[in-house]
Amino acid sequence: MDALECINTRRSIRKYLDKEVSDDLIKQILEAAMTAPSAGNQQPWQFIVIKDRKLLNKIPEFHEYAQMCKEANLAILVCADTSSLRHEGMWEQDCSAATQNILLAAHALGLGAVWCGVYPREPKMNGFTQLLNIPDKIIPFSLIPIGYPAQQSGKVERYKKEKIHFDRW
Ligand SMILES: Cc1cc2nc3c(=O)[nH]c(=O)nc-3n(C[C@H](O)[C@H](O)[C@H](O)COP(=O)(O)O)c2cc1C
């Protein structure tokens, strides 16, 4: 699959097969995440790979839009380490780029994934901080449940020429 096909056919996948994702695939996904661009190359991200079934099942108790964690083989929590930022106000964009790379890498590897928003919703951030013993200065940003897809996906047409402006608004 080439890059454009990967970008254009990625869809949010919320239903998964009961099939384990190998550590090798998880490593490839995390390599893609850490290859993302970041402000001044500050790479503020940290990743928590959640594979423990008991932990995965608890997530929907404080994140109502992450019910798919009960079926997912694993989930990756993208966090920001705000203790040593060199470019204030940019870490959200850095972590978004890493999150999108995770989605695209999962799709390229034949897996399904979905971006579940965490930051800036305090109850969700606190839920992860307590569940996973996350220290101060580490901010939970996004959760990406991952598994082998049990639903179809494909390209959708979202191109709207009225959203594009040349030279001036
Ligand atoms: C910041 C952000 C937060 C999101 N949060 C959730 C979520 O909590 N639960 C969920 O099922 N999907 C979530 N999504 C996925 C969107 O619903 C999805 O990307 C959108 O409907 C477009 O569908 P597609 O990803 O299949 O193209 C989120 C996406 C983004 C970018």
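**Ligand shell and salt bridges**

An N or O atom in the side chain of R14 lies 2.7 Å from an oxygen atom of the ligand. This is a polar contact (a pair of N or O atoms within 3.5 Å; within protein, one must be able to donate a hydrogen and the other to accept it, and residues adjacent in sequence count only if both atoms are side-chain atoms). The model is predicted: local features need pLDDT of at least 70, side-chain atom pairs count only at pLDDT 80 or more, and totals for chains, interfaces and linings use all residues. Residues are numbered from 1 along each chain as its sequence is written, and side-chain values use heavy atoms, with hydrogens and water left out.

R11 also faces a ligand oxygen atom, with a polar side-chain atom 3.1 Å away. G117 contributes through its backbone: a polar atom there is 3.0 Å from a nitrogen atom of the ligand. The ligand taken alone exposes 620 Å², and the protein buries 60% of that. These areas come from the Shrake-Rupley method with a 1.4 Å probe; for residues, only the protein chains shown count as cover.

The residues around the ligand (one heavy atom within 4 Å of it) are R10, R11, S12, R14, H63, Y65, M68, V114, W115, C116, G117 and R158. By class, this shell holds 5 nonpolar, 3 polar and 4 charged residues. Ala, Val, Leu, Ile, Met, Phe, Trp, Tyr, Cys and Pro count as nonpolar, Asp, Glu, Lys and Arg as charged, and the others, Gly among them, as polar.

Salt bridges were counted next. The criterion is a side-chain nitrogen of Lys or Arg within 4 Å of a carboxyl oxygen of Asp or Glu. The count comes to 3.

D23 pairs with K51, their closest N and O atoms being 2.7 Å apart. D23 belongs to helix 2 (residues 23–34), whereas K51 sits 28 residues away, in the loop between strand 1 (45–50) and helix 3 (53–58). Helices (H or I, at least four residues) and strands (E, at least two) are DSSP runs, numbered from the N terminus. D23 is exposed, at 53% relative accessibility. K51 is partly exposed, at 39%. Buried means under 20% relative accessible area, exposed over 50%, and partly exposed in between (1.4 Å probe, protein chains only).

E31 and K27 form a salt bridge at 3.3 Å between the closest N and O atoms. Both lie in helix 2, 4 residues apart, about one turn of the helix. E31 is partly exposed, at 45%.

K124 bridges to E64, again with closest N and O atoms 3.3 Å apart. K124 is in helix 5 (residues 122–131) and E64 in the loop between helix 3 and strand 2 (74–81), so the pair ties together parts 60 residues apart in sequence. K124 is buried, at 11% relative accessibility; E64 is partly exposed, at 41%.
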